Every structure is written in C-alpha cells, then in structure tokens.
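Hi,

Here is the structure I promised to pass on. Have a look at it first, and my notes follow below.

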Amino acid sequence: MCPAPMPITARSHARTCSPRCRKALSRANKTSLPIELTTRDRWIRRSSAKVPLTTGDMPASSTDPQTWSSHKDASASSAGVGLGFVLSDVDDIVCLDLDHCLNPLTGRLEPWAAAILRNAGATYVEVSPSGDGLHIWGRADVRQGRRIRRPDGTAVEIYGTGRYIAMTGRRHGSCPSILADLSAVVTKLTA
C-alpha cells in the first residue's frame with residue numbers, strides 16, 4: 001500500500017511505512033467512489049445472490065429507470081446486502097469485470113490482469129464482492145456486452161448498457177477516483 005520500503009521494525013500486518021502514509025491511506029479510502037458515478041441516479045441495492053433490488057426491497061431492473069435511485073438514497077437503504085450501479089446507454093460509462101485474477105490473501109494480480117490494468121491507465125478500479133476479481137471503471141462506446149473467455153478458463157466481461165455491477169467501494173491499490181478513457185483497452189480486448 002505504500003511506495004516507500006517498509007521499516008525493518010514494522011509489524012507483520014503493517015500496510016504503510018509511516019503515520020503520514022497511514023493517514024493518506026485512510027483519507028483515500030473515505031473518498032473512493034468517482035463523482036461521475038455518485039452523481040447519477042442509477043443506483044440500486046442487491047441481495048446476497050446479486051439480485052437487483054429497489055431501496056424499498058422490491059425487485060429492480062437494470063433496464064427500468066423507475067427502479068433506480070440516487071447514491072444517497074441507495075446508501076441509506078438497508079434493503080439487501082449492498083449497492084449496485086446500473087450501466088445505461090445514456091452515457092459512455094463502462095465496466096471491465098476481470099474474474100479470478102486477484103489473490104485475496106497476497107493482493108497479487110495474475111499477469112494477464114496486470115497487463116489489462118496497466119493498459120487502462122489511471123482510472124477507478126475496485127475489488128469485486130468475491131474478493132478475487134476486479135472491476136475496472138471508465139469510458140468507452142460499448143453498446144453490446146461481451147464475455148471473453150481466456151484459455152485458462154477465466155473470463156473478462158465488458159459491459160456498457162443494460163447491466164448492473166455490484167459495487168464494493170474497495171479500491172484496488174492507489175487508483176484514482178476518476179474514470180479514464182478505456183476505448184483502446186476495449187478495442188484490444190475485443191479484437
């Protein structure tokens with residue numbers, strides 16, 4: 001979590017090299033969601049089985065805006081177990097869903113996922129609810145979702161409309177709270 005080397009006297013569970021870095025990490029975690037997401041009224045709740053719910057604990061739809069809410073209302077609701085963000089064709093917000101690419105114990109990425117993350121550049125990335133995947137958020141023109149099966153059995157899913165993504169708010173590493181242009185990454189993955 002820290003770019004500086006850990007002191008030799010650091011405890012085994014230490015995540016930062018100094019109190020200054022610990023405070024910076026704490027502040028960064030409090031402002032993790034990009035404003036491009038939190039200002040849109042496309043939030044829902046979700047069940048433990050990832051079923052979309054309204055803030056009133058009724059079934060929601062990824063294609064019916066009447067079942068969506070503001071981030072504030074969805075966050076305040078106790079329906080289900082967590083939040084979700086709906087991808088819609090009214091803008092170019094997309095999500096790349098990388099399955100089984102992160103070791104939840106060590107935080108180490110699979111090489112194929114590290115390459116995609118490197119190509120994505122400075123954009124918002126969060127750990128998926130399973131703890132072993134990543135959601136890379138950004139902007140691109142994706143009207144038809146794609147699931148790209150890798151030879152090792154893992155998959156990369158690319159969505160831009162008609163889906164909702166289960167949100168955790170757990171940023172991966174020191175990614176920024178902005179959405180970058182992912183057009184080149186999407187083109188390379190779908191070529």
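Helix α4 (residues 111-120) and helix α5 (residues 183-190) pack against each other at an angle of about 145°, and their axes are 8 Å apart. The crossing of α4 past α5 is right-handed. On the α4 side the residues involved are Ile116, Asn119 and Ala120, and they meet Val185, Lys188 and Leu189 in α5. Sorted by class, this contact has four nonpolar residues, one polar and one charged. Keep in mind that this is a predicted model.

Now for the protein overall. It has five helices and ten strands. There are 191 residues, and 46% of them count as buried. The accessible surface comes to about 10,500 Å², with 52% of that belonging to carbon and sulfur atoms. As for contacts, take those between residues at least 6 apart in sequence: 70% of them join residues at least 24 apart.

Is Ser69 buried or exposed? Ser69 counts as buried because its relative accessible area is 13%, and the cut-off for buried is under 20%. Which residues is Ser69 in contact with, leaving aside its neighbours within four places in sequence? Those are Arg40, Asp41, Arg42 and Trp43, along with Thr55 and Ala74.

Cheers

Definitions and conventions
Residues numbered from 1 in each chain as written. Predicted model: local features only at pLDDT ≥ 70, side-chain atom pairs only at ≥ 80, totals over all residues. Heavy atoms only, no water. Axes fitted to C-alpha atoms, helices over the stretch in contact; angles between N-to-C directions. Helix = DSSP H or I, 4+ residues; strand = E, 2+ residues; numbered from the N terminus. Left-handed = near helix turned anticlockwise from the far one by under 90°. Contact = heavy atoms within 4.5 Å. Nonpolar A, V, L, I, M, F, W, Y, C, P; charged D, E, K, R; others polar. Buried < 20%, exposed > 50% of the residue type's maximum accessible area, 1.4 Å probe, protein only. Areas by Shrake-Rupley, 256 points an atom, 1.4 Å probe, with all protein chains shown as cover.
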